[in-house]
Amino acid sequence: MTALAVLRLPAYRSRLIRRCGHSLLLQPPTWRYPILSLGSTLFGIVLNFGVLNLFMSMIDKSNTLGSAQGRVWLQEVRRRRMLLATLRGFTLAPLVSPLGIGVAVVLANLETLTWGELFPYVLLSAVILFLLGWACDHVAGPPPRARGALVARPSLMPLAAFSLMLLALVMLVFALATVLSLRLPQAVVIGVPLGAWIWLAWQCRGISYAGVGPAMVMLARRLPEVLGGIGNEVVALGSGAYLGYLSVALLDPAQLGGVASLLVALGNWLPAVVLLLIVILAQVGVNPIISVTFLTSMVAQVGLESVSLPLLAAAMLSGWSLTMVSSPFTAAMMIMSRFTGMTAGQIGLRWNGVFLATSLMMAAVLFRLAS
């Protein structure tokens, strides 16, 4: 969490990110959902929860009454659709990003599992959730009207350039993991701050010493402010992970044997059951970092020969993703509530109820079939 926060320094100074935001928000209605959703996924890898504040501010500025030709209902519908596209896209980041908190928890506890084994499963899960979200947006939106004149679409080249930059950052992390023989979460802690410093140096390259000196000065001045702003999140996530791990460590062998028997008895149903369990527990305040840490620690200790480990991990991360669009106790929903003026429960049930129910049914069926 702290390593990813360092990326906010160069990101908020970046002209490229401002150009990306402008391009994303001015897309025609047909393509607004997929491009906003994928954009918030990419930005979420870099900015984490900061992407929600950034995108929602941009949406409010761009979605004026004038742009809706004075129709208040259209302005509200556009706002809801764009906010949901941003939220659903952001929740895909824990699935597809090797830099995410969820991947770090899963790989840290399941030491025999590698990112290469996990990636095909989580990528397919993310694609399915993205398509379901797009379908729900299309059904919920007003019918498209014929236009007399074609409106020029903004160029997506800034987004392509940003994607290449993200790819370079991810490759840096993987290179460090390979060269230094580190597990992926350890390489993230080293590689992401290093990548942020290189990005800052590139932005300051015209000042002096190829930007190296100014980048160091800027990091020294601004880092305490950035890290001070994420103290609550670090404490909550850290204590949640510790609580999940400790709860397994304190179980006596008799209890552990009983849980192991239950897990084995579930057999091919285990991935689907685990996904539903994570989502249900999140609705009553059990953060996914607690439930996923508990489950992965338990699986690591008892060993499950009959269950595919990558499939089980993908089910956990899919459940984690769905909690972020439904649970009133997640940071993402709290940020959404602050921006919309609605309660987190209303957003999760009224705005996202159909998407959540469809996703849960589809995910449970697909994970059962894959098992």
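Me: Where is the place of L169?
Reply: L169 sits in helix α10, residues 157-179. Helices here are DSSP runs of H or I with at least four residues, and strands are E runs of at least two, numbered from the N terminus. Keep in mind that this is a predicted model: local features need pLDDT of at least 70, side-chain atom pairs count only at pLDDT 80 or more, and totals for chains, interfaces and linings use all residues. Residues are numbered from 1 along each chain as its sequence is written, and side-chain values use heavy atoms, with hydrogens and water left out.

Me: Is L169 buried or exposed?
Reply: L169 is buried, at 9% relative accessible area. Buried means under 20%, exposed over 50%, and partly exposed in between, with a 1.4 Å probe and protein chains only.

Me: What is L169 in contact with, leaving aside neighbours within four places in sequence?
Reply: L7, L99, G191, V192 and G195. Contact means heavy atoms within 4.5 Å.

Me: New topic, aromatics. How many aromatic pairs?
Reply: The count is 5. One of them is F130 with W134, a tilted pair at 5.8 Å centre to centre and 45° between the planes. The rule takes rings of Phe, Tyr and Trp (its six-membered ring) with centres within 6.5 Å; planes under 30 degrees apart are stacked, over 60 edge-to-face, and the rest tilted.

Me: Which helix do F130 and W134 lie in?
Reply: Both are in α9, residues 115-140, and they are 4 residues apart, about one turn of the helix. F130 is buried at 12% relative accessible area, while W134 is partly exposed at 27%.

Me: Which residues do ring pairs link into a cluster?
Reply: W31, Y33, F130 and W134.

Me: What sits over the ring of F355?
Reply: The charged end of R88, 4.5 Å from the ring centre. To count, NZ of Lys or CZ of Arg has to be within 6 Å of the ring centre and within 35 degrees of the ring normal. R368 has its charged end over the ring of W269, 4.5 Å from the centre.

Me: Back to α9. At what angle do the axes of α9 and α20 cross?
Reply: Roughly 145°, with the axes of α9 and α20 (residues 353-370) coming within 10 Å. Axes are lines fitted to C-alpha atoms, for helices over the stretch in contact, and angles run from 0 to 180 degrees between N-to-C directions.

Me: Which residues meet there, α9 against α20?
Reply: On α9 they include L129 and L132, and on α20 they include F355 and M362.
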